[in-house]
Amino acid sequence: MSEQNEPSLIGAVQAWQATQLTQEDVVTRFTALPRDEGHVVRQAITDLLALPDITTTAAAPSTDSAPATDAWRAELMAGRARAWNSPDPAGLLVGPTVLILTDGRRGVVVSAGGTRALSSSVSASLLLLCQTIVMAQNALNEREMGTLRQQRIESASTSMSEIDIIS
């Protein structure tokens, strides 16, 4: 698809829900955004919240909350995260069956079956989670790069010491 024929972020979400795109296609659209374009993600949240068929998550606890809790835990533990920086912070959590978008005040859970709004307290916690996951991954990558750099230095010095001097 050429860029001008690609659906908007909201269009991509709706195409996924209509089985015209895969979840990964939608994730690719979001992750293609530069880290300083959180305002685009925020606009997508606004657009999703304006859809007529959005449902609001119930605040009342259900009597059968253990299976729901286990399902959410599974989604989060198998998830990936992306965060967009200031001045318009936003976050994306990608689970096996859902996408969670948040700007810290508002949020939505998007699945193939529909879209649900999140409360502001949950949205704030999920943005913090996205940012924490991204920071931890960056720190891990930095540490791994340092280890690889040190291994390269050590292997080069070992190789140099193995070269015989011509006398």
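Reply: A cavity is a set of grid points where a 1.4 Å probe fits but cannot get out, and its volume is the space filled by probe spheres set on those points. This is a predicted model. In it, the largest cavity holds about 40 Å³ of space, and a search of the whole structure finds 1 cavity of 30 Å³ or more.

Me: Which residues line the largest cavity?

Reply: The lining consists of E75, L76, G79, L93, V94, G95, V98 and I100. By type, these residues divide into 5 nonpolar, 2 polar and 1 charged. Helix α4 (65-77) and strands β3 and β4 are the elements that give two or more residues to the lining.

Me: How should I read a nonpolar core?

Reply: In soluble globular proteins, nonpolar side chains tend to be buried together. Here the largest nonpolar core has 26 residues, of which F30, V41, L48, L99 and L101 touch the most other members. At least two residues each come from α1, α2, α3, β3, β4 and β5 (107-111), and the largest share, 6 residues, is supplied by α1. A second, separate core of 7 residues includes V98, L118, L126 and C130.

Me: Which residues of helix α2 are buried, and why do they lie on the same side?

Reply: Buried here means under 20% relative accessible area. In α2 (residues 23-31), the buried residues are Q23, V26, V27 and F30. They lie on the same side of α2 because they cover an arc of only 100° around the axis. These buried residues pack against α1 (9-17), α3 (38-49), β2 (80-84), β3 (90-94) and β4 (98-102).

Notes
Residues numbered from 1 in each chain as written. Predicted model: local features only at pLDDT ≥ 70, side-chain atom pairs only at ≥ 80, totals over all residues. Heavy atoms only, no water. Buried < 20%, exposed > 50% of the residue type's maximum accessible area, 1.4 Å probe, protein only. Helix = DSSP H or I, 4+ residues; strand = E, 2+ residues; numbered from the N terminus. Arc of directions from axis to C-beta. Contact = heavy atoms within 4.5 Å. Core = buried A, V, L, I, M, F, W, Y, C linked by side-chain atoms within 4.5 Å. 1 Å grid on protein atoms, 1.4 Å probe; cavity = no way out; pocket = protein on both sides within 12 Å on 5 of 7 lines; lining within 4 Å. Nonpolar A, V, L, I, M, F, W, Y, C, P; charged D, E, K, R; others polar.
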